[in-house]
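Hi everyone, thanks for coming.

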Amino acid sequence: MALPEVHVFIGLGSNEGDSLQHLSDARRNISELPEANLIAASSFYRTAAWGKTDQPDFINQVIQISSTFHPEELMLSLLQIEERMGRKREEKWGPRSIDLDILFFGQSILHSDLLQVPHPHITERRFVLEPLCELAPYFTHPLNGKTVRQLLELCTDIGSVKRINSGNE
């Protein structure tokens, strides 16, 4: 059953193979979903690995879509895209060809076995907050009431995050 249209922010990341191409392919696959429309894409950012730091840097990006999917339906679609693109889940926070995370699903709060929104680590990850702030600096976190810009200013993550170009190139 389709829901009212909601704005969703999705984090994209890759550190295996041609990461820029992987992000481009993921954006295309997401925009082809029947219940999703791509609204905006942040620039690309070269970022230090987080959690498991002894691996290559990532290329990260955040996109904004409008969707009438239920949050768990969208997550299942994103997992299918990851699988089609060769994602292997062999090691927590390990290298990957593509990683797709729902960051915010409008102002929804959801905790299920499949999905937590807002993403539970968003406030700790500069590599998510920098591109998210580029798209939606005044979007308010539904649990703590802080804007994305405020969350970025308060973030204690010191990992390297460098903008490398526009995400629409």
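So, which residues have the most contacts inside the largest nonpolar core? They're Ile 30, Leu 74, Leu 78 and Ile 102, in a core of 26 residues. By nonpolar core I mean buried Ala, Val, Leu, Ile, Met, Phe, Trp, Tyr and Cys residues joined through side-chain atoms within 4.5 Å. Buried is under 20% relative accessible area, exposed over 50%, partly exposed in between, with a 1.4 Å probe and protein chains only. Among the elements giving two or more residues to this core are β1 (6–14), α1 (19–31) and α2 (71–84); helices (H or I, at least four residues) and strands (E, at least two) are DSSP runs, numbered from the N terminus.

Quick housekeeping: this is a predicted model, where local features need pLDDT of at least 70, side-chain atom pairs count only at pLDDT 80 or more, and totals for chains, interfaces and linings use all residues. Residues are numbered from 1 along each chain as its sequence is written, and side-chain values use heavy atoms, leaving out hydrogens and water. pLDDT is the predictor's confidence in each residue, from 0 to 100, and the chain's mean is 89.

Now look at Glu 82, in helix α2. Glu 82 is buried, at 1% relative accessible area. A polar atom of its side chain lies 2.6 Å from the backbone nitrogen of Leu 100.

Last stop, helix α3 (residues 126–135): seven of its 10 residues are buried, so α3 is largely enclosed by the rest of the structure. Phe 127 and Leu 132 are among those buried.

Notes. Polar contact = N/O pair within 3.5 Å; in protein donor to acceptor, adjacent residues only side chain to side chain.
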